[in-house]
Every structure is written in C-alpha cells, then in structure tokens.
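Hello,

Here is the structure for your files. My notes on its cavity and pockets follow below.

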Amino acid sequence: MRIIIGEGSCGVAAGAAKVHNAIAALMNGNENFTLGSTGCIGMCYLEPIVDIYDGNELVHRLVKVSADDAEAIVNAVETKDFSLVDHIIISEEDEEFLNRQTRIALRHCGLIDPESLEDYRNADGYQGLEKVLKTMTPEQVIEEIKISGLAGRGGAGFPTWFKWNAARQSEGEEKYLICNADEGDPGAFMDRALIESDPHSLIEGMLIGAYAIGAKEMIVYVRAEYPLAIIHLEKAIEQAKEANLLGKNILGTDFSCEMRIKAGAGAFVCGEETALIESLEGKRGMPRLKPPFPAQKGYMDKPSNINNVETFANVAWIMNNGGEAFAAMGTENSKGTKVFALTGKIKKGGLVEIPMGKTLRD
C-alpha cells in the first residue's frame, strides 16, 4: 500500500506538510505501506488531499485531511478497514470535478512524484522526445504541431507551428527557445501548478521545440514568487542531465541542448514576450517595437521562440498520440483543451482542464 500526499503550494498552504509529518511519525519502520508526495491534482478547495494506492490502483481519496486524522489513516491502511476514515473520503459530487475533465497538459499532475524522473518515465515520459529525435525531422515535428492546431496558451492564441517555423527558417546557427513562466494575471496559477507537479513535461516539450527550431539553448523565465516550482524544475534539470536527456548528444543522437532558469522579479509587463527578452538581457522590462519579431531578432538579437508553460506541456502528448487526436478535441477554430484557474467567490476553487468550447456554466 502507498500513502501519497498532495504537496503542491495549495496543499502545503492548507497543512499538507503537517499531515505528512504526522503520518511519518506513526510509521515506526512499518513496511506494510510507504509514504510519498505528489503535486496538485487541481482540487485545491479540498486540500490537503491524501491518496491511498494498492500498487498502481487508487483505492481511496481522502480530502480536507488534518494532522489529527493521521492515526486513523495509518490504522485504516494497516487493517484495510476504511470505515475508520469515512468522514474524510471524497464525495461522489467532488469526484465529478475530476471525472468531467479531459486532462492532457495536466495528465500527470497529482498522480506522479514531481521529484522522480522514474515516475515520469513510467508514465510514458520522454517517449515523445525519443520518437522525435530518432524517427522525425524538424520539419515533420512542425507539421505534426500544425495538424494538431495547438495555439499559444498564454493568451494570444497564436498558432504554435507558425512561430516554430518562423524561427526554424531564420538564418543563423545560434537560436534560443524560451519558456514564458511569468504568470502575473491575478488569480492565475496554471503554469505554477504545472511546473510544481510535472516539471519533466515542460523539459520534454521544450526539447522537442528546440529540436524543431534548431536551438541549442533553452531558458525558462519564471517569476521568483514561485519558489517550489523553481526547486522542482532545478531538480528535474539535474535529473535530465544525469540521464542524458539534456546536454550533449541527447539519447545518443546528434542533438545537443542545454537548459537554464531565469528568476524574474515579478513585473507584470514581463509577461509580454519582448519585455521578457529585455529582462532576460538584464535591462528594464519594457516591450519592444515589432517588427522585427523575436523569431528574427530576439534574445541577444538572435532568432528566438517564446511559448508559455501550458503550450509546451501539450507537445509530448501530441507527439505520442498524433496531431489529429489533439485536433479532434475542442472547436473548429480552437483545438484541444485548455487549463483554467478557478478562483474568487466560488465553491470549488482549483484547476480544471476541459476541451475548448465548454461553457462557463459547465
């Protein structure tokens, strides 16, 4: 049996670390079960959340757990008598919150340990990258993204393939792929939750993008107010380097690419891509006049491509499942799914991922 505690920012803020410590104190070398962590599954209004697994099967989800529930949880797992935790088992109504979603960008969030490369690889992680590097040309990758209809998830909704193609066709050996994780909109935390809960999906998506445009360096511009996201991404980068998924001759191919993080000071204007580039260069974050566009003259005046976290989080899934599978969801003009942050004066605050075209009432 496994006890897994949701320890994203929302979970920790609600007391998940106290729950973790309380359960750990009761284990006393008990080998009947293990204790682990995961990220945010999106039901922030029910945190702290504790999942109980038998092997890979989710047996029970416990919600609004407190440190006072630790003893009952341990006893329930040891005796397999879950009537002991009846008062904190998730309701059918709340289960619907997840069941009605279609999760692609969030496919691993709240299910894997964000600090475990092994967990990510067991969930088909880096298979998309391997397929791309060993069986596809950069042009074929861009064509697959075109078929998918994936548009930028940062707000402008610009076709991702078009930006990648423009950077691909720009002259010059030195190109940059940049991730915009400067999420400054009030109440928005989609990018934060994605990096905290599934950092390797960002790395994999960016590597596929870097291969497509011909970039040898990737930069993630993330706001400094996201400390847990930065910690998890730093660890994931180190793991990827050790596993030959970053650096020289990735997976034994001719493709080499490095990655680094830039922590921004949290200026809202740096969410605009040219202001972000100015900040990356050490200048005051102010938008540049366009043209020239970043694809021609971006970071350090070199061809650059910028997409946000959620855009990159869809890329590996598209490579694994095909562009047509992504395009089959959503509407004619807006393909795929979109992650929304639900905040404010509502009953069920959190993250949802639904196909484009769903109504606000849904």
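The lining of the largest cavity divides into 5 nonpolar, 4 polar and 2 charged residues (nonpolar: Ala, Val, Leu, Ile, Met, Phe, Trp, Tyr, Cys and Pro; charged: Asp, Glu, Lys and Arg; polar: the others, Gly among them). This is a predicted model, in which local features need pLDDT of at least 70 and side-chain atom pairs count only at pLDDT 80 or more, while totals for chains, interfaces and linings use all residues. Residues are numbered from 1 along each chain as its sequence is written, and side-chain values use heavy atoms, with hydrogens and water left out.

On a 1 Å grid over the protein atoms alone, a cavity is a set of points where a 1.4 Å probe fits but cannot get out; a pocket is an open set with protein on both sides within 12 Å along at least five of seven lines; lining residues have an atom within 4 Å of a point. Points are joined across faces, edges and corners, and a volume is the space filled by probe spheres set on them.

There is 1 cavity of 30 Å³ or more, and the largest holds about 50 Å³. Strand E1 (2-6) gives the largest share of its lining, 3 residues (strands are DSSP runs of E, at least two residues, and helices of H or I, at least four, numbered from the N terminus).

The largest pocket holds about 850 Å³. Its lining has 39 residues, with Gly154, Gly155, Ala156, Lys163 and Glu273 nearest the centre. Strand E8 (304-308) gives the most, 5 residues.

Regards
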